[in-house]
Amino acid sequence: MLFADDIVLIDESHAGVNERLEVWREALESKGFKLSRTKTEYLECKFSAEPGKVGVDVRLESQVIPSRSSFKYLGSVIQGGGEIDEDVTHRIGVGWMKCRLAFGVLCDKRVQSILKGKFYKAVVRPTMMYKVECWPVKNSHIQKMKVAEMGMLRWMCRHTRIDKIRNKDIQEKVCVAPIDDKMGEARLRWFGDV
């Protein structure tokens, strides 16, 4: 039996959500898929100021489906209120994971700083900036990304904050532009495409 994975149903109201979910289940089963009742969850997004129904149970047949405050979908963390705090934190964590995986290259004294910077721009930064053009960013999110990037660049160059080397000097050493500039470029590029 095949299982349907990562299906998202979007609706503007609670009216008839259980009926639509049942229709989807029947459609999937008619194509040979099975909807897992134990793994199915839902997230209620409140993007408008309109008060919604409170206490509405979403059911699949007779089983109540549990609600979540956030979930991961296609590499992004989606939160119910439209916030991106968890997604920013997740992206920073993924960037650090890539840095640790590339430890042999990024922290090797024999590798030139410019090559480290090129490797960083090709491998680490794209993972941190995945879908950044769609984020409704706040100054706090930009600051988090800047702090994380500078931590990675300092780690690559084997410097700490105690060394009192300016951020700009480290960025020039590895030929890396500030991440907030790159975030702005990505948003403008996406805006041009739209």
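**Close-ups of a predicted model**

View 1. Glu22 counts as buried because its relative accessibility is 19%, where buried means under 20% relative accessible area, exposed over 50% and partly exposed in between (1.4 Å probe, protein chains only). You'll find Glu22 in helix 1, residues 17-30; helices here are DSSP runs of H or I with at least four residues, strands are E runs of at least two, and both are numbered from the N terminus. Leaving aside neighbours within four places in sequence, Glu22 is in contact (heavy atoms within 4.5 Å) with Leu60 and Glu61. Glu22 and Leu60 sit 38 residues apart in sequence, yet 6.5 Å apart in space, C-alpha to C-alpha.

**View 2. How confident is the prediction?** This is a predicted model, with local features needing pLDDT of at least 70 and side-chain atom pairs counting only at pLDDT 80 or more, while totals for chains, interfaces and linings use all residues. Residues are numbered from 1 along each chain as its sequence is written, and side-chain values use heavy atoms, with hydrogens and water left out. The chain has a mean pLDDT (the predictor's confidence in each residue, from 0 to 100) of 83, and 86% of its residues reach 70 or more.

**View 3. The largest nonpolar core.** A nonpolar core is a set of buried Ala, Val, Leu, Ile, Met, Phe, Trp, Tyr and Cys residues joined through side-chain atoms within 4.5 Å. The largest one has 25 residues, of which Tyr120, Met128, Met145 and Leu153 touch the most other members. Helix 2 (85-101), helix 4 (113-128), helix 5, helix 6 and helix 7 each give two or more residues to this core. Helix 5 gives the most, with seven.

**View 4. Around Leu153.** Setting aside neighbours within four places in sequence, Leu153 is in contact with Tyr120, Ile170, Gln171, Val174 and Val176. Elsewhere, a second, separate core has six residues, including Leu35, Val58, Leu60 and Ile65.

**View 5. Lining of the second largest pocket.** Helix 5, helix 6 (167-174) and helix 7 (179-193) each supply at least two lining residues (those with an atom within 4 Å of a pocket grid point). The largest share, seven residues, comes from helix 5.
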